[in-house]
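Dear colleague,

I am handing over the structure below, and I would be grateful if you could look through it before reading on. My notes on what was found follow directly after it.

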Amino acid sequence: MTAPGAAPAGLAPRFAGRLLERDLRRGLVAHGYAFYGEPGLGQEEAAAAWAAALLCGAGGCGACRDCSMAAERAHPDLLWVTPDGASLRLAQAAEACAFVARRPFQAGRRVVVIEGAERLTEEAGNRLLKELEEPPAGAVFVLLASRPEAVPATIRSRLRPVVFRPWPAEAVREALRAEGVEERAARWAAALSGGNPGRARTYARDPEWRAAAEGVLELLPRVAAAGPAEAAQWAARLRDWQARGFEVLEWMDLALRDALAARTGGRPRWCDEAAAAALAAALPPSAHETARRALWEARAALQANVNPLLTFEVLLIRLARAGRVGA
Ligand SMILES: [Zn+2]
């Protein structure tokens with residue numbers, strides 16, 4: 001059993017959990033919540049834990065039948081809606097509204113979780129809005145979306161916002177360690193994921209991820225000395241890693257910042273000290289800003305759908321030049 005006032009089991013996604021816990025403790029549960037955040041920050045787990053907290057007679061003890069059924073998304077008073085293909089359709093919204101209108105089976109409430117709320121069609125949004133304007137007693141809607149602007153303002157204004165932010169790297173590392181990931185991989189995945197535990201988990205499980213991360217660390221100190229043929233090979237590798245979902249530009253940026261830390265006596269966030277020092281030696285302080293600008297422009301080019309291979313080739317040429325100019 002959870003002690004009174006403690007976070008319901010699984011609500012740990014720390015920062016958001018506190019707000020929900022307070023609503024529950026004060027008996028001020030809203031009819032609608034919006035969980036905002038980029039995918040991977042634990043919104044689905046938090047929504048399941050929040051549903052359990054609302055459906056369990058003890059506020060989410062984590063041990064009862066209500067809790068375990070809610071955690072498996074199989075509670076009769078919980079409806080979990082995911083987009084049907086590209087959108088959330090009117091029929092799905094209507095089903096959700098009909099669901100909350102019925103009397104609870106075994107809990108005091110009925111909970112609807114809607115994933116991908118940015119994909120509500122206009123009709124579905126209007127149907128849902130009607131329900132949110134006059135919700136049946138005991139109905140709780142939880143909408144999951146990447147960011148507030150992605151949800152129609154009329155709906156958004158009726159939802160209590162809960163924002164999921166990236167976790168501190170240390171918290172991600174601990175979570176991975178608890179899942180059995182080996183120490184160095186956990187530390188690397190935590191650093192390279194930008195504080196996103198879902199992404200870190202994907203990295204840690206992908207056999208190619210370590211090779212890609214090591215590749216980036218190997219490439220950067222050598223880039224200034226690489227001839228055209230080697231640079232072309234590296235550009236192709238970076239393109240492939242990027243296509244696989246590895247955020248190589250962010251990793252390079254992190255490595256550059258670690259090099260700066262090595263130079264100023266700070267603590268590297270990703271690299272071990274030797275790698276950071278090697279990079280610092282290869283890319284002197286005067287080149288640092290140029291290199292980071294080149295990364296920033298490469299990111300913008302990829303977002304604008306410039307050919308990735310070309311983007312990485314240009315980036316490597318600019319990094320090489322920055323290294324040579326600084327030397
Ligand atoms: Zn329980």
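Cys56, by contrast, is buried, with a relative accessible area of 6%. Please keep in mind throughout that this is a predicted model.

Both residues belong to the metal site, where the zinc ion is coordinated by the SG atoms of Cys56, Cys61, Cys64 and Cys67 at 2.3 to 2.4 Å. Along the sequence these donor residues follow the spacing C-x4-C-x2-C-x2-C. The arrangement is tetrahedral because the 4 donor atoms around the zinc ion subtend angles of 105 to 114°. For four tetrahedral donors, the ideal angle at a metal is 109.5 degrees.

The other part I would point you to is strand S4, residues 139-145, which is mostly covered, with 7 of its 7 residues buried. Ala139, Phe141, Leu143 and Ala145 point one way from S4, while Val140, Val142 and Leu144 point the other way, and all are buried.

Strand S4 also has pairing partners, among them strand S1 (residues 32-36), which pairs with S4 in the parallel sense over 5 bridges, and here Gly32 has Phe141 as its bridge partner. Strand S3 (residues 110-114) likewise runs parallel to S4 and is joined to it by 5 bridges, with Val113 standing opposite Val142. Together with helix H5 (residues 122-133), strands S3 and S4 make a right-handed β-α-β unit.

With best regards

Terms used:
Residues are numbered from 1 along each chain as its sequence is written. This is a predicted model: local features need pLDDT of at least 70, side-chain atom pairs count only at pLDDT 80 or more; totals for chains, interfaces and linings use all residues. Side-chain values use heavy atoms; hydrogens and water are left out. Buried means under 20% relative accessible area, exposed over 50%, partly exposed in between (1.4 Å probe, protein chains only). Helices (H or I, at least four residues) and strands (E, at least two) are DSSP runs, numbered from the N terminus. Two strands pair if DSSP finds at least two bridges between them. A crossover is right-handed if, with the strands pointing away from the viewer, the path from the first strand over the helix to the second runs clockwise. Donors are N, O and S atoms within 2.8 Å of the metal (3.2 Å for Na, K and Ca); water is not among the atoms, so sites may look incomplete. Four donors count as tetrahedral if all angles lie between 85 and 135 degrees; four count as square planar and six as octahedral if opposite donors are over 155 degrees apart and all others between 65 and 115; anything else is irregular.
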